[in-house]
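This note sets out a few points for a reader who is new to protein structure. Please keep the sequence and the structure in view while going through them.

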Amino acid sequence: MTYQLFQPLTNPNEKLQVQIREQIVTAILDGCLDNSTPLPPSRKLAQQLHVGRNTVVNVYERLLSEGYLVSKERSGYFVNPSLKLGNTSQPEVDESSQGSRPDWEQRLHTDNLPDTLSANTGNWKHFDYPFIYNQLDPLLFPVNEWRECCRDAVRVRDIQDWTSDHDDGDDPLLIEQIRRRILPRRGIFARDDEVLVTLGSQHGLYMLAQLLMDSSTTLGIEDPGYPQVANIARLQSTRIQPLAVDGEGVVVSDEMNDCDLLYTTPSHQCPTTVTMSLERRHQLLKKARDEDLILIEDDYESEINFDSEPTPALKCLDRDDRVIYLGSLSKTLAPGLRIGIMVGPAALIKRARQLRHLMLKHPPVNNQRAVALFIKRGFHDSLTRKLAQEFQTRCQRMSDALETHLSGVYAVPEGGSSIWIRLPKYIDSRRLKEMARENGILIQSGDFYFHQDSAPQNYIKLGFSAIPDDQIEPGIAKLAELLRTLQ
């Protein structure tokens, strides 16, 4: 019976000892092996699994040292009888003794939580044509370089650095690399006490909402714009002031006069991808001075620039300490890594650090160390250049396909990873999105980004960071066929 628990090793990407160990540990933890029956002799198990005997012996010896097994002379290896593997049994409940259950819908203070928390879908890899943004084609990830940094982050001296609780601090090496390598490329020079590591830019936004917003606050946001900003602000009962966007970015107008804070994405406006002109940036900073505004700059996809040197960040041009800068390494390195940056006045960063301490103390320091090594060794700069070149190629491929199949509905962006498309007014982008999904195409309908009650329904956003290059043209052609059925 014991022999039947172990199956042939089928994963060519995993070490043999790892696969054998996992099978044995799984059998022990699942209760399939008891301590009265010896494990198969190493020679017989090696023959069954088609591996060398020493491979099995090494696994047994490791499990012996870890306390899973015990060795009995001339009898072999047994499951350690001192292992406490059982689950707590479910006690019998006297139904008559139960009281009334709480009404959880009444207890939860969730009136301001949005119904839809994300524009993307978790299973996007199963679609033929994933025209989504904020995801990365796995083939573009620098696997070897990242593995090198992760491996070196677990050297003994590094482990001794990050295994202790850093209380509310960040990895000093990562802060140093952010200050020396990341921020200066945006024209930003900051002290240690002006920089905070976050779990992505959205984490930074949430903390700023906690620190700067309440029911008496008015927040100006781009319209269309990043929808989660409004969702976060509404949790604080903050008033939202939509602000128009044109070909130079957010329009500086008297509508800003009653705002206390203003959120903007000047590098590549979300979702239109427009880059805010230098003149508009100066106008916005002047308006902030005149009206005593605080600006929250989300430097969205600033590294992915196609045609020219990036325009200086608002924070770079700020002389009055009115700009809070949010950046993210997740956009270039990996969306799932969740490493972001907040830069602001020392007094703000001090309070944000205290708030972060209450939430999660600090982002995992082992991840911070791996990212720090990745930046220090030049891998991040190399990756950024590679992504900019690759995305420019994909952007041109998408532009050519749109010109062929959907001429006149888009503007070519200066950078970033998506294209904002205006369709004929009779098109309902929500219906198109569902039809596309049924045909293996993932798109984002534009109504997701508007903050007006009567949002236009004829916009879509097509990303090209996740879809393979050779699937772009066929996907656009198929999408165009669906559009023709809606005429």
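**Notes on helix packing, aromatic pairs and a buried aspartate**

1. The crossing of α8 and α9 is right-handed. This description, like the others below, concerns a predicted model. The axes of the two helices α8 and α9 come within 9 Å and cross at roughly 30°. Angles under 35 degrees count as roughly parallel, and α8 and α9 are therefore roughly parallel to each other.

2. Which residues make the contact between α8 and α9? From α8 come Gln202, Leu205, Tyr206 and Ala209, and they meet Gln228, Val229 and Ile232 of α9. By class, the contact of α8 with α9 consists of five nonpolar residues, two polar ones and no charged ones.

3. Helix α9 covers residues 227-234, and seven of its eight residues are buried, so the helix is largely enclosed by the rest of the structure. The buried residues are Pro227, Gln228, Val229, Ala230, Asn231, Ile232 and Ala233.

4. The axes of α7 (residues 172-182) and α13 (residues 365-376) come within 8 Å, with a crossing angle of roughly 35°. The crossing of α7 and α13 is left-handed. On the α7 side, the contact is made by Leu173, Leu174, Gln177, Arg181 and Ile182. On the α13 side, Gln368, Arg369, Val371, Ala372, Leu373, Ile375 and Lys376 take part. The contact of α7 with α13 has seven nonpolar, two polar and three charged residues.

5. How many aromatic pairs does the structure hold? There are eleven. In one of them, the ring centres of Trp420 and Tyr449 are 5.9 Å apart and the ring planes stand at 85°, so this pair is edge-to-face. Trp420 belongs to strand β12 (residues 418-422), whereas Tyr449 is in the loop between β14 (444-445) and β15 (459-463); the pair therefore ties together parts that are 29 residues apart in sequence.

6. Phe450 counts as buried, at 13% relative accessibility. Ring pairs link Trp420, Tyr449 and Phe450 into a cluster with Tyr133, Phe448 and Tyr459.

7. The last point concerns a single residue. Asp298 lies in strand β9 (residues 294-298). With a relative accessible area of 6%, Asp298 is buried, because buried means under 20%. What does Asp298 contact, leaving aside its neighbours within four places in sequence? Asp298 is in contact with Ser201, Tyr263, Thr264, Thr265, Pro266 and Leu326.

Conventions. Residues numbered from 1 in each chain as written. Predicted model: local features only at pLDDT ≥ 70, side-chain atom pairs only at ≥ 80, totals over all residues. Heavy atoms only, no water. Buried < 20%, exposed > 50% of the residue type's maximum accessible area, 1.4 Å probe, protein only. Helix = DSSP H or I, 4+ residues; strand = E, 2+ residues; numbered from the N terminus. Axes fitted to C-alpha atoms, helices over the stretch in contact; angles between N-to-C directions. Parallel < 35°, antiparallel > 145°, perpendicular 65-115°, else oblique. Left-handed = near helix turned anticlockwise from the far one by under 90°. Contact = heavy atoms within 4.5 Å. Nonpolar A, V, L, I, M, F, W, Y, C, P; charged D, E, K, R; others polar. Phe/Tyr/Trp six-rings, centres within 6.5 Å; stacked < 30°, edge-to-face > 60°.
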